[in-house]
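Student: Could you take me through a close look at the aromatic rings in this structure, and explain the terms as you go?

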Amino acid sequence: MTGSLLEVIALNVRDAVAAEQGGADRLEVVADMAADGLTPSPETVAAIAAECPLPQMVMLRCDANFAADPDVVERLSRDAKALKQAGAAGFVFGFLDGAGVVDLTATEALIHAVSPLPWTFHRAVDHAADVQAAWRAVRLLPNLATVLTSGAPTGVGDGLPVLKARADAGDGSIVLAGGGLRPAHVPALLDYGIRAFHVGSAVRSSWSDPVEWRLVRQWRALVERD
């Protein structure tokens, strides 16, 4: 990766335009942050595509947990088709089974559904019963672009040692650091060789307020700092 990638959560067109104005590289498009981000409507994706050229990584998730039975997979596969037509550039998903193991059946079904578009495995990886085993299961799956991870369920502040270990293991190029990411964490992550960063609440006053382009601009400068 040349330079650093800055991904900003967008709920609507206003967020997307502000993210672009601030210098973001791509968007994670979601609905309902009260549930930690669910699948947005095709109408939202289409509206953003009409006003903003940034690539949209679109969430595929029905509820706040990480489980996906066959009915959920079928629903999300249908959603993916409509969202691709609306302008999605890629998708964000990932599932664990009841034992906290990566649900490869569900994940691979959605990889097939979104193919040939790239996808991000989201923070389900941080909640796995065995995080190292989860990374081994995910890292070689086809069309994987990034793994959104804070290194710990409680956020980047607690997960820095795990993120360093992932970078040391050769996974730094696919780490998308996010989830409680704060400016103070960035220098260490850059030192580890991590160059992709994901922000949401850090670029707005609250989830009921829009993205502020000036805050995005500050993050743009921060993640590019040597």
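Tutor: Phe93, Phe95, Trp119 and Phe121 form one aromatic cluster. This is a predicted model, in which local features need pLDDT of at least 70 and side-chain atom pairs count only at pLDDT 80 or more, while totals for chains, interfaces and linings use all residues. Residues are numbered from 1 along each chain as its sequence is written, and side-chain values use heavy atoms, with hydrogens and water left out.

A search of the whole structure finds three aromatic pairs, where rings of Phe, Tyr and Trp (its six-membered ring) pair if their centres lie within 6.5 Å, and planes under 30 degrees apart count as stacked, over 60 as edge-to-face and the rest as tilted. One of these pairs is Phe93 with Trp119, which is stacked, at 4.8 Å centre to centre and with 10° between the planes. This pair links distant parts of the chain, since Phe93 lies in strand S4 (residues 90–93) and Trp119 in strand S5 (residues 119–121), 26 residues apart; strands here are DSSP runs (E, at least two residues), numbered from the N terminus.

Trp119 also pairs with Phe121, this time edge-to-face, with 6.3 Å centre to centre and 65° between the planes.

Conventions. Helix = DSSP H or I, 4+ residues; strand = E, 2+ residues; numbered from the N terminus.
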